[in-house]
Amino acid sequence: MKRFIAILLLTSTIATAADAQLIYKEIKSVAPVVVTTPEGTAPRLPFQLMVTYADGSNELRSVRWTNAAPATEQALADAKQTPAGTSYDVRGYITGDNTTTMGFPVTAHVSVVSAPYATPSNKPVAEPLPLNRVSITGQNRLTHNREMDIDQLLSLDVRQQLYNYRDTYGLPTDGYPEADGWDSPTTKLKGHGSGHYMSAMAMAYASCNDAQKKAQLKANIKTMVDELRACQERTFVYDKALGRYREARDLAPENELRELKGTWADFDRYKQDYAHYGYGYLNAIPAQHCVLIEAYRAYNNEQWVWAPYYSVHKQLAGLIDIANYIDDKAIAQKALLIAKDMGLWVWNRLHYRTFVQEEGSQEQRRARPGNRYEMWNMYIAGEVGGMAESLARLSEMVRPTPSPSRQGGEKLLNGVANATDSERLLEASTYFDSPAFFTPLSKNVDAIRTRHANQHIPMVTGALRAFRGNANPYYYNLAQNFWTMIQGRYRYAMGGVGNGEMFRQPYTQILSMCTNVGTDWRDRSTYPEPTLNETCCAYNLAKLTKDLNCFRPNDASYMDYYERVLYNQIIGSLNPRKYAVLYQYAVGLDASKPWGNETPQSTCCGGTGVENHVKYQEAAYFVGADTLWVALYLPTTAEWDAKRAVIEQECEWPAERSVIRFAKAKKPFAVKLRVPYWATERFDIRVNGKSVAEHYQPSSYVTLPLRRWSTNDRIEVIMPFADHFDFGPDKMEVAATGKNEPRTRFEPAWCAALMHGPLVMAAEGIKTWEEATMTMGNGKWTMDNGQLKMDNGQSKAVSAQPLERSEALPLTGERGEGLKWVPDYDANRHVTHYFRLLLPGEPIAVVPEGAEGGADVDDTRLKEAMQLARSRRDAQNAWNELTVKVPEYAPWAKHGYARLMEQFDRARALFDDAERSHSQEAIDAMTTELNAALNTMRPGNLPELEDLDALLPLLAKAREQQAPSAKLREAIDYAEMVVKYVSDGSGTADMIQRAERQLREASK
Ligand SMILES: [Zn+2]
């Protein structure tokens, strides 16, 4: 009986899905790609292309280019090999297509020219309307989240946020609760949470409509600012011998620096010595910890440092946000003064004590302390966040002459302005350049692969902000190149990036997702883990995108991406039932969001998390001289002071229809409206009832020319959510499928997330990749074993439901035997985002040009993987041969390296087979294994899951104790946290040792 019902449901489902046009369409053609590239750069190739389907319709689809192998890309960027005047082709494939085994083939014709990149002016043509000029209106998820975030902020004790500062400056801490999370007494990232707390309060103040809450926020902000200034003033120490105040450069000169230690005992000693920090130092850890970086001290919480400049950045950012958003001049001015004095401390220290030397071996580069090339290239320890961004912004804020870039941006506070200070702060911003990362990017060579994701994204935002001040195209170009690489090579459908905290290889999102494993305290086993897309990365990519949009606001791809990451990952990273946010997001099969991080200091993502939900409107509108860009369709009221205009946008969220009116508009301006990339069906813009065009180009802006808008004018944007697939760049071939089963092989299949307009749709109730497999027929869905039932009607209905704050979030629909589809922002537990799509047709095998002896097999990918394996082997061998180990860690951690070498030997045996009798299947299988081994390796300073072998049994035994003592309970909590961090890739060996020691001692 049950079976019969299932069949009936299936039939009706097919009809619904077909109506919604969610069908496999055959690509007929793709417009040719013709690009020029400056000599010495790899070509800028588009990450998406407009395709024409057999039925005549068009859509933007992702393309994977074949030049991503490091050697290939470097050769293209080598002026000797491709000088100006030469030209060449790069082959690419539209992914998710069955024309060939690689996809639908496209070719880019590249001409090398001598002219450099055409870089925009360093004066942005548009700026976002400031946060406090745009207010989100109505009762919806956005306002619900905002209020929840504000209430959470108000529930925090401001004195706890001040504990570490008082402790670092010799002030009594009675009545100040000890900080916790990553600001706790056992961590050296203290101050990061307080910085986020200040930013979040300033943004909450700008976004809040409740007078009483605003007053409370202001009181707490004032307390922070007053107390921080009191701490900072303790560093104003006049030195008679020097004949001036003690400065940053006076702390630990080179001979002392070499002897400086980083243990907790030293930490406690340094914090008594605040009189030597140097004029203006402001941080929740002693100044000696910033200085230790100059001696290349590694990320090691017990013996050395965590990431001292990371905390400094959060505090600067917090103070700048306060200066920009608080409408009390005295508070704003004091906040800016504290930030400026600290910024100048940084300038002083780095100006006098550091330098850049790029040449030579690492040992030579580290012969003397203070080589910034090495300092900022250290894993985690060199994580400087957006130091450059904050310093460049400070430079703009204290520049005495008004600058155009300040319009709509930074606030000028006269009392703090000073021309020399402004110059020094701008100079200081470039002290955070990382040539090892920046220079390849400036040539469009991928320097992203295998780096720590969130260590590097904010550096790029910093480079772009410095460009406003120094007008050096190097900075703009590297930022633009980075952004494009992220789009094509690294992002997932919801806009996030990273596995654990790491970038993997380019174009391996599906492989990385499917082979991600972790462990927990249960036993020494590995399990599939959906721990992808760290929230901080989404936060920082959104910021970078907003900032890039200022320079080229007519390129809609920026705000298409901003919408993607905001509507899916960022809004989806707050639990709307009870305040909790996400560290890692959850992406993949049967993935559950790991809620937690309730305070700004809990983790890095607790910090960015508390900021995220009070600033959804920060990029809704951009303004230029005479143009208003409506970049996001959000229910809002916006004020544009320069035009004495009030713009009202009425819509639900998410919106399929929006109405824009002008409550006031004293001066004329043009309006530009974004046509989203997904708006392929029945999109229309009507002004006073009349359509403005017959056809609209997805991913573009429609211009309504300059005019004096009246209160009677009515702009209507109609944008039905078109369903489409967001294909990953690589096929799924292998996956971790269960306990200790990291490499189950699958028939290669394209994988995609189902998108409903801008929304990633997630399905509940799928447990295996077999269940997540759909066979697609020509022109309609067919389901595999009746396992997958789509209810498209329902997914449409839920998206338009406004949320009543008191309701228990009814944004999901459930039907009988079918699947429950939910927009991912609303998903919670056990949802699947990516599906294996078996496409119709028999693809043509791709045979590379010049294949030897007419071979009918393609070994290009295997060759690429082997080349990469060889370069890793060489790097590891070179380090092994060093007599003095500089750096102290090998390039690659040993277990992952051993797995790679095993696969590499097997690949070589296959490749060197003189008979060449191997099949395409054998080559593909080998490629998969080798890529999986490459992709799951960790840098040598990071522990691997195997390094938990001693800790896990101790933990399991401790958990068995019936009535654990408080001490044991604490040791268990710490150990569980360490296991989680090691799984994610942020734990360190010293954390494991500490966890083991604590468990042993507490179990006695
Ligand atoms: Zn984070």
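This is a predicted model: local features need pLDDT of at least 70, side-chain atom pairs count only at pLDDT 80 or more; totals for chains, interfaces and linings use all residues.

Q: How do strands of a sheet pair, and which sense joins β17 to β18?
A: Strands of a sheet pair through backbone hydrogen bonds, either parallel or antiparallel. Strands here are DSSP runs (E, at least two residues), as helices are DSSP runs (H or I, at least four), both numbered from the N terminus, and two strands count as paired if DSSP finds at least two bridges between them. Strand β17 (residues 621–623) runs antiparallel to β18 and is joined to it by 3 bridges, with Tyr-621 opposite Val-630; the two strands form a hairpin with 3 residues between them.

Q: In which sense do β18 and β22 pair?
A: The pairing of β18 with β22 is parallel and spans 4 bridges, and within it Thr-627 stands opposite Ala-670 of β22.

Q: Which way do the residues of β18 point, and are they buried or exposed?
A: The terms rest on relative accessible area: buried means under 20%, exposed over 50%, and partly exposed in between (1.4 Å probe, protein chains only). In β18 (residues 627–630), Thr-627 and Trp-629 point one way while Leu-628 and Val-630 point the other way, and all are buried.

Q: What is the strand order in the open sheet of 7 strands, and which are its edge strands?
A: The order is β8-β19-β20-β21-β26-β23-β24, with antiparallel pairing. Its edge strands are β8 (134–136) and β24 (690–691), each of which pairs on one side only.

Q: Where does Lys-340 lie, and is it buried or exposed?
A: Lys-340 belongs to helix α11 (residues 329–353) and counts as buried because its relative accessible area is 8%. Along the chain Lys-340 and Val-398 are 58 residues apart, and their C-alpha atoms are separated by 8.1 Å.

Q: Which residues does the cis peptide bond join, and what is omega there?
A: The cis bond joins Trp-653 and Pro-654, with omega at about -10°, and Pro-654 lies in the loop between β20 (645–651) and β21.

Q: What is phi of Arg-682 and of His-830, and where are these residues found?
A: Phi of Arg-682 is near 60°, a positive value in a residue other than glycine; Arg-682 is found in the loop between β22 and β23 (684–687), and counts as exposed because its relative accessibility is 63%. For His-830, also a residue other than glycine, phi is positive and near 55°; His-830 lies in the loop between β33 (820–823) and β34 (831–832), and counts as partly exposed because its relative accessibility is 33%.

Q: Which residues gather in the patch of positive charge?
A: A patch is made of residues with over 30% relative accessible area and no salt bridge, like charges being joined within 9 Å and nonpolar side chains (Val, Leu, Ile, Met, Phe, Trp, Tyr) within 5 Å; a salt bridge is a side-chain nitrogen of Lys or Arg within 4 Å of a carboxyl oxygen of Asp or Glu. On the surface, Arg-644, Lys-664, Lys-666, Lys-667 and Arg-708 gather in such a patch. Lys-667 is placed in the loop between β21 (657–665) and β22 (669–675), and counts as partly exposed because its relative accessibility is 36%.

Note on methods. Residues are numbered from 1 along each chain as its sequence is written. Side-chain values use heavy atoms; hydrogens and water are left out. Accessible areas come from the Shrake-Rupley method with a 1.4 Å probe; for residues, only the protein chains shown count as cover. Lys and Arg count as positive and Asp and Glu as negative; His and the chain ends are not counted. The place of a charge is taken as NZ of Lys, CZ of Arg, CG of Asp or CD of Glu.
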